[in-house]
Amino acid sequence: MDDEEPLLSIGELAEQAGMSVKLVRHWSDIGVVPPVARTAAGYRRYDAEAVARLRLARALRDLGLGMAVIREVVSSDRGLPEVAALHAAAIEARIRTLRLQQAVLRSVTDRRPTLEELTTMTDLARLSAAERTAIVRDFTARAVGDVGPSAFREGLLAVVPDLPDEPTAAQAAAWIELGELVRDPRLAAALRRMARYAAEHPPPAHDPAGAAERVTDFWTRRVGEAMAAGIAADSPTAEPVVAEIVAAWLPTQHGLDGDGAEARRRLLEQLEVAADPRAERYWQLMCVINGMPVRPGIAAEGDWLMTALRASPVPGAREAGVARALDTPGALAPEALLEGCARILEEVGALVRAVTPAQLDDPTPCAGWNVRALLDHLTYENLMWAGLARGAPRADHDADHLGSDHVAAFQTAAAATLAEFRRPGMLAERYGPAPGWRLVEQVVIEMLVHGWDLARAIGASTDLAPELAEAMEPAVRALYGDLPRTPGGSFAPEQEPPPGATHADRLAAYLGRPLA
C-alpha cells in the first residue's frame, strides 16, 4: 500500500479541482466522479484521476452540455470528439433559433405590434423550413392558382423562401416580416390583379420576363435622371422623357402602332396595376431571404411616370395646356404685377429674417422639406427666374444656395430678381411662347405659396399680401387647374379652406396645403 498513490478525501479533491465540496458531492452522487473507495466509517475516497475528470466536467458544463452527456464523456462511455460534434450541432440550431427570436424582438422595438401580432411573430420564428415553404406556397396558390398562365404567375408560384441554416439578422427579420405580409389580403388581391393582367395581355417577346426587366431598368433610370434634374412630372419638360420611355416600351406590346393616346393609356394602366407597395415589398423580402440582390424600390419613379402620363395623355398635351393658359389675360397689368412682386418679396424677406437658427430643422407643410430646405428653395426660385430673365438658365437646383447666412442669400437672390425684372423692356420681351411679365407672375405665385409655407412653419401670420393673393387666384387656377393631383405630381389634392381663411390660405388650400 505504501507504493500506491494516496487517495483524496472529498475536501482535498474539491480543493485541488477548485470547486466547492457541495458541488463535488453532488457530481459524485450522480456518477460524474464516483469514489474509488470508502473508509471504514463510510467516507468517500478518490484517486488523482478524479481531479482531471472534475475539471473536464466543469469545462463541458461551461460549454452548455447537460450533466447526462457530461457523465458519458468523463466515464468514457462516449468519446469526446463525438460529443463535441453533437454539441456543436445543437449550438448551431440554438443560434438559428436565437437569431429568429432576435428578429422578433427587433420587430417589436421598431414596429410596436399588438399582443396578437407579437404572438403571430413568435409562432413564425419557430417554424421549420418545410413549414415556411408551405405557408408561402399556400398563399401564392390561393392568390393566383386559378388565374390563366403567364410568366408572372409561374414565376410567383416558383419562388419560395429558402432561409439558410445560418441566417443573418437581416434574413431572419425579413422572414418574420414576410410571414406577416402574406396574411394581408391586400397583398393577395394585388398579386392576383397583376397575374390576371399578365394573363390577359401576353407580351409578344420571346423572353417576356427579360424584356419587361430591361424596359423597367430603362424607364426607372430615365425617370431617375429626370427627377435628379428637377424636372416636374406634370410640366412640359417631362414630355421628351415620356416619349423616350413609350418608344422603348412599345416593342413589348401587341397591337400598338406608335406613341399616342392608346399607347399611353395602356402604359398607365400597366403601371397602375403594378403600383402596389406590398407587392414590391414581397419581392424585396424574398430576395433578402434567398440571398439575392435586392432591386431598389421604384415607387417614386413609378409615381413620377404615372403623373407624367396623366398630365400628357397624348403627346404634347401638357405643352398645349400651358399654351392655353398663357393665352389668358393676366390678373394684373404688367407694371402692377411688378409692383406686387416687389411687395411679396419684401414680405417673404421679413419672414426669412425672422427665422432663427433653432428653427432650421423644423418641419414645413412641404413634404420632406425642413425650414432650411424651404429657404433654399425660395432662394433658388429667385436665382432661377432671374437667370431665365437674362437668358442664362440655371441647372443647379440641388446645390446649396444658402451657405451659412440664409438671410443674406435670400436678399441677394431677391435683389437680383427685381433688378432683372425692372430692366427696360423685360416685361414685354418674349421668352419662348411667354412674355416677360409671365416670369414675374411665376415668381409672385412661388413667393405667395412658399412664403405661406414658411409662415406656417415658423408660426407667423399667413395673411400675406391679401390683395395680391386674391388677384392671383384666377391665374393659379388657369395654370394648374388641369394637373393630376396624385403622388408624383406638383400638388396634393385641393383642400377645403376653413371659415375666415386668408386669401393666401385659400391659395395654399387650392394647391393642396393642409390648413388644419
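## Aromatic pairs

In this predicted model, a search of the whole structure finds 3 aromatic pairs, where rings of Phe, Tyr and Trp (its six-membered ring) pair if their centres lie within 6.5 Å, and where planes under 30 degrees apart count as stacked, over 60 as edge-to-face and the rest as tilted. One of them joins phenylalanine 139 to tyrosine 282 in a tilted arrangement, 6.0 Å centre to centre and with 45° between the planes. This pair links distant parts of the chain, since phenylalanine 139 belongs to helix H7 (residues 129-144) and tyrosine 282 to helix H14 (residues 277-289), 143 residues apart; helices here are DSSP runs (H or I, at least four residues), numbered from the N terminus. Phenylalanine 139 is buried at a relative accessible area of 3%, and tyrosine 282 is likewise buried at 0%, with buried meaning under 20% relative accessible area, exposed over 50% and partly exposed in between (1.4 Å probe, protein chains only). Phe139, Tyr282 and Trp283 form one aromatic cluster.

Tyrosine 480 and phenylalanine 491 form a tilted pair as well, at 5.0 Å centre to centre and 55° between the planes. Tyrosine 480 lies in helix H21 (residues 466-480) and phenylalanine 491 in the loop between H21 and helix H22 (503-510), so the pair ties together parts that are 11 residues apart in sequence. Both tyrosine 480 and phenylalanine 491 are buried.

## Packing of H10 against H14

Tyrosine 282 also takes part in a helix contact, in which Arg186, Leu187, Leu191 and Met194 of H10 meet Arg278, Ala279 and Tyr282 of H14, contact meaning heavy atoms within 4.5 Å. The axes of helix H10 (residues 185-200) and H14 come within 8 Å and cross at roughly 90°, which makes H10 roughly perpendicular to H14. Axes are lines fitted to C-alpha atoms, for helices over the stretch in contact, with angles running from 0 to 180 degrees between N-to-C directions; angles under 35 degrees count as roughly parallel, over 145 as roughly antiparallel, 65 to 115 as roughly perpendicular and the rest as oblique.

By class, the contact of H10 with H14 comprises 5 nonpolar, no polar and 2 charged residues, where Ala, Val, Leu, Ile, Met, Phe, Trp, Tyr, Cys and Pro count as nonpolar, Asp, Glu, Lys and Arg as charged, and the others, Gly among them, as polar.

## Packing of H18 against H19

Helix H18 (residues 371-389) packs on helix H19 (residues 406-421) at an angle of about 25°, with the axes 8 Å apart, so that H18 is roughly parallel to H19. On the H18 side the contact includes Leu375, Leu378 and Trp385, and on the H19 side it includes Phe410, Glu420 and Phe421. The residues of this contact of H18 with H19 divide into 12 nonpolar, 4 polar and 1 charged.

## Surroundings of glutamate 446

Glutamate 446, placed in helix H20 (residues 436-458), is buried, with a relative accessible area of 16%. Not counting residues up to four places away in sequence, glutamate 446 touches His377, Leu378, Glu381, Trp385 and Gly451. The C-alpha atoms of glutamate 446 and glutamate 381 are separated by 7.6 Å, although these residues stand 65 residues apart along the chain.

## Basis of the values

Residues are numbered from 1 along each chain as its sequence is written, and side-chain values use heavy atoms, with hydrogens and water left out. For this predicted model, local features need pLDDT of at least 70 and side-chain atom pairs count only at pLDDT 80 or more, whereas totals for chains, interfaces and linings use all residues.

How values were computed: Helices (H or I, at least four residues) and strands (E, at least two) are DSSP runs, numbered from the N terminus.
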